Amino acid sequence: VLALNCAAIAPTLGEPTLFGYAKGAFTGAVAGKSGYFEDAQEGTLFLDEIGELPLELQAKLLRVLENGEFQRVGETSARKSRARVVAATNRDLRLEVRQGAFRADLYHRLSVFTLGVPPLREMEGDRRVLLEHFRRFYAEQAGVQPFTLDASAERAWDAYAFPGNVRELRNIVIRLTTKHA
């Protein structure tokens with residue numbers, strides 16, 4: 001499995017990152033380089049934060065999803081990819097389509113099978129399960145005993161909405177583990 005965070009790549013680097021480039025395709029391209037679709041081969045390519053992909057790149061992504069064909073930047077010959085694509089986003093892509101920020105055809109191609117993951121604030125019991133998991137994991141990693149929460153802190157933990165979801169919860173546990181060390 002290869003993973004790419006679409007939000008972390010500059011818009012001008014999206015195409016060469018996904019599809020690769022030929023030698024001399026742009027300043028600094030001293031050698032050809034494969035992109036994520038080529039590197040994934042027949043495996044899985046996870047595109048995280050797909051909603052951040054610029055519209056102009058969405059059309060090129062749609063092509064490779066439809067028929068497996070893509071071109072490296074600076075080449076005219078088509079290449080093939082048999083990679084499976086799994087995508088994730090924190091955006092409401094149906095709303096993005098209605099607002100013209102995401103291509104409807106790409107949305108329908110990607111939404112063959114969808115899983116909705118509710119925010120952590122709606123999963124009360126999971127807050128404790130994740131607390132225990134990360135508490136043990138990071139304590140072991142730091143070589144310390146796991147911290148404990150007193151009754152007041154447990155109530156605060158259960159009441160907190162975690163607007164940053166699991167990432168925020170994990171980071172809080174890391175900070176508490178560090179302070180405890």
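Modeller: A nonpolar core is a set of buried nonpolar residues joined through side-chain atoms within 4.5 Å. Please keep in mind that this is a predicted model.

Colleague: Happy to. Which residues touch the most other members of the largest nonpolar core?

Modeller: Of its 22 residues, those are Leu18, Phe19, Phe37, Leu47, Ile50 and Leu61. At least two residues each come from α1, α2, β2, α3 and α5, and α3 gives the most, with five. There is also a second, separate core of 12 residues, with Leu131, Phe134, Phe147 and Trp157 among them.

Colleague: Why is Leu115 called exposed?

Modeller: Exposed means over 50% relative accessible area. Leu115 has 68% relative accessibility, so Leu115 counts as exposed. Leu115 sits in the loop between α5 and α6 and, together with Val112 and Phe113, makes a nonpolar surface patch of about 410 Å².

Colleague: On to the charged residues. What makes Arg72 and Glu38 a salt bridge?

Modeller: The cut-off is a side-chain nitrogen of Lys or Arg within 4 Å of a carboxyl oxygen of Asp or Glu. For Arg72 and Glu38 the N to O distance is 3.0 Å, so the pair meets that cut-off. Arg72 is in the loop between β3 and β4, while Glu38 is in helix α2, 34 residues apart.

Colleague: What makes Arg79 a salt-bridge partner of Glu38?

Modeller: Their closest N and O atoms are 3.2 Å apart, and the limit is 4 Å, so this pair qualifies too. Arg79 lies in strand β4 and Glu38 in helix α2, so the pair ties together parts that are 41 residues apart in sequence. Glu38, Arg72, Glu75 and Arg79 are linked in a network of salt bridges.

Colleague: Why does the contact between the side chains of Arg79 and Glu75 count as polar?

Modeller: A polar contact needs a pair of N or O atoms within 3.5 Å, one able to donate a hydrogen and the other to accept it. The Arg79 and Glu75 side chains make theirs at 3.0 Å.

Colleague: And what makes Glu132 and Arg136 a salt bridge?

Modeller: Their N to O distance is 3.9 Å, and the cut-off is 4 Å, so the pair still counts. Glu132 and Arg136 both lie in helix α6, four residues apart, about one turn of the helix.

Notes:
Residues numbered from 1 in each chain as written. Predicted model: local features only at pLDDT ≥ 70, side-chain atom pairs only at ≥ 80, totals over all residues. Heavy atoms only, no water. Patch = residues over 30% accessible without salt bridge, like charges linked within 9 Å, V, L, I, M, F, W, Y side chains within 5 Å. Areas by Shrake-Rupley, 256 points an atom, 1.4 Å probe, with all protein chains shown as cover. Buried < 20%, exposed > 50% of the residue type's maximum accessible area, 1.4 Å probe, protein only.
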